[in-house]
Amino acid sequence: MSIPGIDRVRLTAWMAANVPDAGEPTGVSLIAGGRSNLTYVVETPERRLVLRRPPLGHVLPTAHDMGREWRVISALAPTPVPVPEPVAFCGDPDVIGAPFYLMAHVDGVAVRSRQDAARLSPEQARRLSERLAEVLAAIHAVDYEAAGLGGFGRPEGYLARQLERWGQQWERSKTAELPEYDRLAARLRERLPARSAATLVHGDYRLDNTLVEISAAPDILAVVDWEMSTLGDPLADLGLTLTYWQDPGDLERASIPVAAGVTVTPGFLTAREFAAHYAEISGADLSDLDFYLAFGNFKLAVIIEGIHARFKQGKTVGEGFEDIGAAVPTLVERAHRVLDG
């Protein structure tokens, strides 16, 4: 059976040379795909591994960088930030058609949907949302120089470069003109904070980019999907996490098909409570949080437009992309409302 994005014969040969202790792969299956990097389970006689590679088709410059993702999880493995064990990296696109890496399988649950979250009691949901804030604070507390990530990014001018970068991504991906997007980009440029902290940032931090142990005291076993990580402003991470968050009664947010419905489950912190818990742990000043919320909506709008472009090219893997483009103007409008106060 053919698996999209995998050349089984070449992968087997590469693993024999680079991961000989695992043994020959006995099975490869796609476990998540289309919206971001593609993720596969690789079964071997000795252990279960996970393979990550870029999506098929329309891939934006600087996006989906496997080497970057590999570098950061390797650096974080000995720190308090939970990440999967890194196993091997392949930068040769000739093996399966793109660079990829292997990591150990983590026996945790991805809480992606309302149905997944329904397994949680209110007490478990509250503890899990608290742990999500605590792990975000732990990421931002990493001594990135000591971890070997001193050259991982340029914190100075991070927000201005992010606005420029995502603006360029928009121009490469856009499927239609959207004047309100252009007005939003201009407003964000005018509102750039004069100064900001410098930490390691994940770049796409949300509950379904973690693997969770569901127990009486739920915990986060691993943070995954590090392809947008860099050194920059930690509040940009927080703003995007809150963009993904959905409070009870926010029906407009429910129409955006990314992580919708999860955090309305009884027991989850509200977005305001999540931000307050993060600030209590990290000591962050949230007086300019509105800017970061608006920026989070802006960034997610560009990400979703890129997914929409891949869908229109027939390059997504999986289902559920038919209406995703409708979320883009909604996110842009939400950003304007945040800035309006």
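**Terms and their grounds**

Modeller: Leu238 lies in helix H7, where helices (H or I, at least four residues) and strands (E, at least two) are DSSP runs numbered from the N terminus. The model is a predicted one, in which local features need pLDDT of at least 70 and side-chain atom pairs count only at pLDDT 80 or more, while totals for chains, interfaces and linings use all residues. Residues are numbered from 1 along each chain as its sequence is written, and side-chain values use heavy atoms, with hydrogens and water left out.

Biologist: Why does Leu238 count as buried?

Modeller: Buried means under 20% relative accessible area, exposed over 50%, and partly exposed in between (1.4 Å probe, protein chains only). Leu238 has 0% relative accessibility and therefore counts as buried.

Biologist: Which residues is Leu238 in contact with, leaving aside its neighbours within four places in sequence?

Modeller: They are Leu136, Phe274, Ala275, Tyr278, Leu286 and Leu289, contact meaning heavy atoms within 4.5 Å.

Biologist: Why are H7 and H10 called roughly perpendicular?

Modeller: Helix H7 (residues 234–244) and H10 pack at an angle of about 65°, with their axes 7 Å apart. Axes are lines fitted to C-alpha atoms, for helices over the stretch in contact, and angles run from 0 to 180 degrees between N-to-C directions. Angles under 35 degrees count as roughly parallel, over 145 as roughly antiparallel, 65 to 115 as roughly perpendicular and the rest as oblique. H7 and H10 are therefore roughly perpendicular to each other. Leu238 is among the H7 residues that meet H10, and Leu289 and Tyr292 are among those on the H10 side.

Biologist: What is the handedness of the crossing of H7 and H10?

Modeller: H7 passes H10 in a right-handed crossing. A crossing is left-handed if the near helix is turned anticlockwise from the far one by less than a right angle, and right-handed if clockwise.

Biologist: How do H5 and H10 lie relative to each other?

Modeller: The axes of helix H5 (residues 158–173) and H10 come within 9 Å and cross at roughly 25°. That angle makes H5 roughly parallel to H10. Their crossing is left-handed. The contact includes Trp166 and Trp170 of H5, and Phe295 and Phe298 of H10.

Biologist: What makes a group of residues a nonpolar core, and which residues have the most contacts inside the largest one?

Modeller: A nonpolar core is a set of buried Ala, Val, Leu, Ile, Met, Phe, Trp, Tyr and Cys residues joined through side-chain atoms within 4.5 Å. The largest here has 82 residues, and those with the most contacts inside it are Leu188, Leu200, Trp226, Phe298 and Ile304. Its largest share, 13 residues, comes from helix H10 (residues 289–312). At least three residues come from each of domain 1 (8–104) and domain 2 (109–340), domain bounds being taken from an automatic or database domain assignment. Another core, of 19 residues, lies apart from it, and includes Ile3 and Trp14.

Biologist: Why does His308 count as buried?

Modeller: His308 is placed in helix H10. Its relative accessibility is 14%, so His308 counts as buried. Beyond residues up to four places away in sequence, His308 touches Thr175, Ile324 and Gly325.

Biologist: Where is Asp225 found, and is Asp225 buried or exposed?

Modeller: Asp225 is in the loop between strand S8 (219–223) and strand S9 (230–232). At 17% relative accessibility, Asp225 counts as buried. Asp225 has a positive phi of about 60°, although it is not a glycine.
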